[in-house]
Amino acid sequence: MIRIGIPRALLYYEYYPVWKRFFEELGAEVVVSPPTTQDMMVSGSSRVVADTCLPVKVFLGHVLYLVGKCDYIFIPAIRSVKSKVYNCSKFLGLPDMTNAVIPESPPILDMDVDVNKGKRKLYQAIYQLGRHFTWNPFKVRQASLAAWQAHLNYHELMSSHNLTPPQAIEIISGIPEAEANSSYLSSTRATIAIIGHPYLLYDEHINHRFISRLEQAHNRVLTPEMLSAEELQLATARLVGRAYWTYEEEVVGAGGHYLQNGVDGIIGIMAFGCGPDSLMMDMVRRQASRLKTTPFMSLTLEEHTAEAGIVTRLEAFLDMIYRKRRIQAESCR
Amino acid sequence: MRVGIPHMGNLYIPLKALFDRLNVDCVIPPVNNQRTLSLGIKHSPEGLCIPFKLTLGNMIEAVELGADTLIMAGGTGICRLGYYAEIQEQILHDLGYNCEMVQLGVSEQKLFGLLKIIKRLSNYASWFKIISAFRFGLAKLSALDRIERVVQKVRPVERITGAANRLFTKAIKAIDKADDYATLKKVQIDYIDQLNQIDKDTQYKPLIVGITGEFYVLLEPFSNLDVESELGKLGVEVRRTTFISEWTKFSLFLNPLGVNEKARIHKAALPYLKRDIGGDGWESVGEKVLHAKEYDGLIHLAPFTCMPEIIAQNIMPSTKENIPVLTILCDEQVAKAGMLTRLEAFVDLLERKRRKGNNR
């Protein structure tokens, strides 16, 4: 059986159920790298120039882990999934860059996803990908339809049950749901929205268990995945007019939405040197300082980010919010 | 209406000629200087690249001089630059400047779209007037670039250091002043003649270094600390394929007809980078592959945090065609001394390589 390696980084959080379903329908086995470790981060960073952004370094670390454990590595080049909205260069250059900096990697399965070139091209790209497993176009068609259904179910699951991508993936993979986090919802101290890309928010190694820290301090955490596509689009249009990059609604749309929907505070998480985020996070910050209603903090992550630094800033931010709430409660009395 | 024009190299000269002929009042902010940079840095998000910061600085200075309409490149694409105009407009509004931003999306709107924008800016002048003014602007642009090509050849072999640069500065002024085709032609011939008559060291065979990378930092000497002149002083002939006149010629007139000057470069890059990654990343890789035999070395210029150029920089070392590459990241922290040291070391390395090659 052919083993396909999928690195647990970057677009994994967005598309893993689709990819898994597609390859399994075609009779391949899917191998996923484990959650990020320090070793992965160090080995990934050592291959590229220092300016490369943290998520890409982590991605390469995952690829290095998969070397020797699979027959192919799947790295798509996703150019656009919406008309006239393109993706960051790093996603486009990913297959070629991996090839260049990790020569020992197993053959890379890449495919171009560009909806601006028309459906025909997209179907051709899917068939070409399927050609590695079967010559039969009907089988590929069936697999891709099943995969698409898996994608829809995945997003439905996240927005209807307020789940984060790792939780939803666990449910889909049949791992019993961990302790429901509704237990501390009764005694919530504050509701904090965090905005950013899933590969930063849910990679517990690079963000130093940010979400669980917030939850342990009895805060309710909201993430961009808990919003519907319409809500994100509406807020994006309000803040920046048209979206310029594919995955920026997670930042600017979610930020814009939560700024006006009564959360106690918003934390933006971005990677150092991220091109799109450097603009979009700033747009959210500008909006926050215009509205002056919701506190906003942005954290920039890189491989030198220290746990203590994050904890200190988080504590200070939370203290400020608790104090604000206390004063408000007292003045209401 | 007063139109403010941000700087990119000498692009302001043809634009000024164009607007002058259409009787549009235009404001040229001071050439990029420390104040421009400081203003830009102060009001920009920190993670943005130097083209954003410098053009924002230009815009603020233009508005201070009374501009109420600003022109800036724009459009959709992968590189952030297409989005800058919108962000800069927001920043200027937040600063309390009341001005309108006009986006020139050259690659999307093509020639006609561009002419329509000019028509609007010129308060609906006749098409005849617009086209003739546009032609004159293009003539100035190509005169500038013709002279610059000669300057690049003369710099490494001149006996009196800086002679070519001094003439170039004069030529720029003369071209700026010329207001008809005859004078322009005369200026062009005159200065190319003078440049050719500069006292030269004919024995010396200069090293040839290609220079590639991101469009803006290649063409704006302030942002790259005038790397071309510095290389010239070190006795290196600089070859650059990116010229504004070439670029406008192709993107306005020939690309819509299906002629693509970059097809050759893209084809060369294909084994290492299969697709366009936005900005000039594809071209950077392609130029290394294509010119590996002709050039002694390559200087790769990129703004700090430039997304496409980082990919290019990562891919470049793995190409089979092997020439030394020096990547210089340009941002507000780059210092002249640091860059000079790196250039000297790079040139020393190339010279040693050439000596070794000759001995064999």
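## A tour of chains A and B

Start by selecting the open sheet in chain B: 4 strands in the order 2-1-3-4, with parallel pairing. Here strands and helices are DSSP runs numbered from the N terminus (H or I over at least four residues for helices, E over at least two for strands). Two strands pair if DSSP finds at least two bridges between them. Now colour the edges, strand 2 (25-27) and strand 4 (100-104) of chain B, each of which pairs on one side only. Neighbouring strands of this sheet are turned by 30° against each other on average, direction ignored; the axes are lines fitted to C-alpha atoms, for helices over the stretch in contact, and angles run from 0 to 180 degrees between N-to-C directions.

A quick word on what you're looking at: this is a predicted model, where local features need pLDDT of at least 70, side-chain atom pairs count only at pLDDT 80 or more, and totals for chains, interfaces and linings use all residues. Residues are numbered from 1 along each chain as its sequence is written, while chains are lettered from A and ligands numbered from 1 in the order in which they are written.

Next, zoom in on strand 1 (residues 2-4) and strand 3 (residues 69-73) of chain B, which run parallel and are joined by 2 bridges. Click B:V3 and you'll find its bridge partner, B:T69, in strand 3 of chain B.

Now for where the chains meet. Select the 28 residues from chain B and 25 residues from chain A that make the contact (C-beta atoms, placed from the backbone, within 7 Å). On the side of chain B that touches chain A, helix 4 (81-94) and helix 14 (307-315) of chain B are the elements that give two or more residues. Helix 14 of chain B gives the most, with 7 residues.

Hop over to chain A, which has 13 helices and 10 strands. Pick strand 7 (residues 190-195) of chain A: over 4 bridges, this strand pairs in the parallel sense with strand 8 (residues 219-222) of chain A. Look for A:A193 opposite A:L222 in strand 8 of chain A. Another 4 bridges join strand 7 of chain A to strand 9 (residues 265-271) of chain A, also parallel, and there A:I192 stands opposite A:G265.

Finally, zoom out. The C-alpha atoms of chain A fill a box of roughly 75 × 40 × 40 Å, taken along the principal axes.

Terms used
Two residues are in contact if their C-beta atoms, placed from the backbone, lie within 7 Å.
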